[in-house]
Amino acid sequence: MTVDRRGFVVRTGAGAAGLTIGLSGCGPGTGGGARGAGVGAQGAVSGEWPTDPEALEARYRDNIYTRLLGVRPHLPAHEHVSRLGGGRMDAEVIAAMAEANEFFVDMNELLEAAGTRIAERLGTEAALVTAGGFSAMVLGAAGCLTGTDPERVHALPLPTWPRRECLIQAPHRFGYDRAYRDAGMTIVEAETREDFRARLTGRTAMIAALATAERQTLFAPPAPVDWAPAPGPEVMTVREQIEIGRDAGVPVLVDMASDLPTGVGLREFVEAGADLIVISGGKGIGGPQSSGILAGRADLVEAARVNASPNDGIGRGMKVGKEEIVGLVVALDRYAERDVESWVAGWSDMARRIAADLADVPGLTAEVVTNTAGYEDVELTWDPDVIPLTTDEAKAGLMAAEPRLAYLMTVRTRLLREGEDALVARTLRNFFTEAAATA
């Protein structure tokens, strides 16, 4: 197996081919929002979402996307990925957004009140609702650059003052950290701990850390553990960077957008002393896909708010609607009360059922594997002498199936509603059985 810098995975092995897909654009702040289903974890908007595979398949043939635009939805046997549609929201979240649509409020008042409510949930001094995780990264960096100085706010993204560098250890780099550059920061990369300390100077405006870097060496959604080994001791922990920042008087921003609910606890890095944290409003939280949270020190959050919409700073175009703000608050309240252990266990249960349903497909091996977030997926490999398909052919064929099925690294179940696991298994069984029959 090889993995390149952009996260494309290639499976190799004698007599077997792995069903994989490029992961470019499938990471944190990306990517996406998931509200995994499990048993009874998530209801349809109408409260009448079917569980029978035949009825579910009918829904996939006839729905708002097919009727209005002729776009066919796909079965989400994948991680929460923005380019594949993000995640699902609970009916209660959608109902709250629909009610919010009927009223008008002062947006500054709403943002302040929502920020107070969210900060209470997270245990921070303050919080700001943003237009996704990437937006939170931009605004957090902007706040660290400008404070509340109006001249500096309007100078971005071209700061003229010396303190404008963002220090990142190389293993914590990822494609979306361009957000810090978009705010106007110059990224300074350090390889070793010694480099890191040496490059921390009076020009450093912020240290940026990536929570996922503590879990796996591949920047991607959770992956099978043999694909993305745990980082070695040369990778600085988030807590280590927080301590260094505290000693130097430099704020530390922690991007934990893709790590809930299994990677980190909601308050983990807050309690460790992070100055700012970034959370996706979609993904594990289950709020609107186009929402996010920047939370932390009151002075830095206020500085970010000055740069954000409805003000006319660099974040003016990162607008969050009143309905999204309400939906995010309701989703976060629900998330905070959720039994995460049983929720996640439901994902693994579905994976085992899918693997069992595929056990007798000729030439196909459906193996239950544990991923780097600690729950189970189904990894598919096949004998090319029995199933004569390349990876690209399998990927294209599944997306052309009826219903369509999108697959990333493994069959992942966290987005599936109860009953959809059976439809996923049936779709995979039909596809690979037909491929074998034509060999």
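This is a predicted model: local features need pLDDT of at least 70, side-chain atom pairs count only at pLDDT 80 or more; totals for chains, interfaces and linings use all residues.
A residue counts as buried when its relative accessible area is under 20%. Glu57 has a relative accessible area of 12%, so it is buried. You'll find Glu57 in helix α1, which covers residues 53–61. Who does it meet? Leaving aside neighbours within four places in sequence, Glu57 is in contact with Glu402, Pro403, Leu423 and Arg426.

Now for the nonpolar cores. The largest one has 86 residues, and Tyr180 and Ile277 have the most contacts inside it. Helix α5 (residues 133–146) brings the largest share of this core, 8 residues. Not counting residues up to four places away in sequence, Tyr180 touches a whole list of partners, including Met137, Ala141, Cys166 and Leu253. Another core, of 31 residues, lies apart from the largest one, with Leu75, Ala394, Leu398 and Leu405 among its members.

Next up is a pair of helices, α4 and α12. They pack at an angle of about 10°, with their axes 11 Å apart. Angles under 35 degrees count as roughly parallel, and α4 and α12 are therefore roughly parallel to each other. By class, their contact has 10 nonpolar, no polar and 4 charged residues. Here is who takes part:

| Helix | Residue range | Residues in the contact |
|---|---|---|
| α4 | residues 107–122 | Met107, Leu110, Leu111, Ala114, Arg117, Ile118, Arg121 |
| α12 | residues 322–336 | Lys322, Ile325, Leu328, Val329, Leu332, Asp333, Ala336 |

Over residues 1–46, though, pLDDT stays under 50.

How values were computed:
Residues are numbered from 1 along each chain as its sequence is written. Side-chain values use heavy atoms; hydrogens and water are left out. Axes are lines fitted to C-alpha atoms, for helices over the stretch in contact, and angles run from 0 to 180 degrees between N-to-C directions. Helices (H or I, at least four residues) and strands (E, at least two) are DSSP runs, numbered from the N terminus. Angles under 35 degrees count as roughly parallel, over 145 as roughly antiparallel, 65 to 115 as roughly perpendicular and the rest as oblique. Contact means heavy atoms within 4.5 Å. Ala, Val, Leu, Ile, Met, Phe, Trp, Tyr, Cys and Pro count as nonpolar, Asp, Glu, Lys and Arg as charged, and the others, Gly among them, as polar. pLDDT is the predictor's confidence in each residue, from 0 to 100. Buried means under 20% relative accessible area, exposed over 50%, partly exposed in between (1.4 Å probe, protein chains only). A nonpolar core is a set of buried Ala, Val, Leu, Ile, Met, Phe, Trp, Tyr and Cys residues joined through side-chain atoms within 4.5 Å.
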